[in-house]
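Have a look at the structure first, then read on.

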Amino acid sequence: MLLNSATTVSGLSFILVAIATSGVGCLGAGSPQDEIDVEQNESAVCAGAPEWQSGQWYDEGTVVNYEGAAYIAEHGNPGYSPTVSTYFWEPYTGCNDSPGPVDDACSYPQWTEGAWYDEGAVVSYEGSAYIAEHGNPGYIPTVSTYFWEPYAACSDSPDPDPTPGPIGALPAKVVGGYYPNWTPSPVRIRDVNSNYNVIYLFAATPVGGSPGTTGAVTWTPPGDGRGAATNLKADIQYARTTQGRKIILSVGGAGAGMSFPNRTKSQTFVDSVVGIYNDLGGFDGIDWNTFEADQAPDTAEMKWISLELKRRYPGFLITSPPAPWNSRDKTFCKEMVEAGAMDYAAPQYYDGPDLDQQSYIVNNVNEWVGLLGPTHVVVGFGIWDQPNYMSVDEAIPTWNQIESNHPTLRGAFDWQIHTDESLGWPFANRVGPLVQ
């Protein structure tokens with residue numbers, strides 16, 4: 001976040017530096033070619049089952065079609081070839097129990113990795129139809145949401161300005177707030193105003209200080225003055241499962257940029273996030289806040305990290321709060337969205353000259369929408385009685401003008417939840433309902 005200073009408190013830290021290991025060895029002897037041919041003849045294609053895709057994760061029990069035959073995953077695997085990795089795959093002959101054929105109205109060609117698709121092309125992928133919003137070289141429809149959109153009801157033409165639906169686990173309209181961990185007596189997460197549907201845990205920071213010595217991150221729980229730390233894990237899961245909120249771990253923050261110069265450091269970062277995920281019982285995404293000040297983003301590795309986390313946790317969200325004016329941040333967010341490695345960017349309009357001015361915010365949001373599209377943009381407000389922050393009476397007409405310009409904008413967030421509570425929840429109670 002754009003902060004001048006931050007007060008830290010001591011407490012138990014989740015310091016999770018996991019060592020990535022990889023197994024090397026035999027996967028099992030393959031069948032002779034003549035045996036494979038016989039088994040393929042016995043396991044006909046299953047109508048409705050997806051075509052096998054290299055590099056895609058398959059859970060145990062998944063049925064796919066490959067080279068004219070059906071196979072079932074005996075063990076979870078990252079897309080090993082069904083006819084080679086016979087430990088992981090078996091020919092499948094139970095096609096009578098598999099999903100029925102796709103309706104003729106949705107009989108579009110199967111998506112193929114590496115094939116070029118022009119804008120407007122419609123394909124079938126994992127039982128659903130998708131339309132190419134932009135020409136692309138075969139990006140995965142369920143990952144690259146900038147390039148593909150679900151083709152609703154297989155109609156003759158897509159809705160030119162559809163109401164935004166969920167992107168993975170993302171709410172249709174985001175009303176978010178940052179929950180800093182330095183507050184001694186914060187509100188418990190389950191007791192945060194119910195108009196917030198996205199809560200950012202702020203913030204996991206690099207081990208060894210910026211830009212990180214190993215790639216791992218550590219996250220310290222908040223103060224326990226009202227039981228927020230004691231009940232943290234239970235409250236996070238209650239918020240997710242009972243209240244339907246999304247909990248996102250923000251990474252970095254003021255003075256905590258990170259670098260990922262190589263895959264080893266990237267893998268260590270992933271392992272540490274997985275460790276925090278397990279310790280907290282799960283959360284719904286990460287928020288890239290690691291490229292402040294002079295730390296240039298290592299975009300290629302950050303794409304890999306983001307897609308790897310999305311592969312491990314289906315529906316996992318990737319967000320980022322860039323500096324609104326920064327051309328480097330704009331390039332980073334555009335490349336991440338186009339690669340399917342970021343669900344939305346949320347420019348921060350506070351804590352800097354003119355960032356609290358309606359005219360600047362409205363015009364700058366236009367730039368971000370032109371860059372990413374409205375469903376990939378969330379507007380960051382700072383409601384506070386401090387210089388370069390807005391009052392709620394200033395924020396409301398600003399939001400109304402932005403939404404009038406871009407009805408399908410993804411939503412808004414406030415920095416920070418604790419301040420909003422101390423002021424009587426003006427953002428949650430007055431801006432939140434306008435957004436939703």
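## How the strands pair

Strand β2 (residues 63-66) and β3 run antiparallel, joined by four bridges. Strands here are DSSP runs of E with at least two residues, numbered from the N terminus, and two strands pair if DSSP finds at least two bridges between them. Within this pairing, Y66 has A69 of β3 as its bridge partner. The two strands make a hairpin with two residues between them, and E67 in the turn has a positive phi of about 50°.

β3 also pairs with β4: three bridges join them, again antiparallel. Here A73 sits opposite W89 of β4.

This is a predicted model, where local features need pLDDT of at least 70, side-chain atom pairs count only at pLDDT 80 or more, and totals for chains, interfaces and linings use all residues. Residues are numbered from 1 along each chain as its sequence is written, and side-chain values use heavy atoms, leaving out hydrogens and water.

## A strand covered on both sides

Why is β3 largely enclosed by the rest of the structure? Because five of the five residues of β3 are buried (under 20% relative accessible area, 1.4 Å probe, protein chains only). On one face those are A69, Y71 and A73, and on the other A70 and I72.

E74 lies in the loop between β3 (69-73) and β4 (89-91). With a relative accessible area of 34%, E74 is partly exposed (that is, between the buried cut-off of 20% and the exposed one of 50%).
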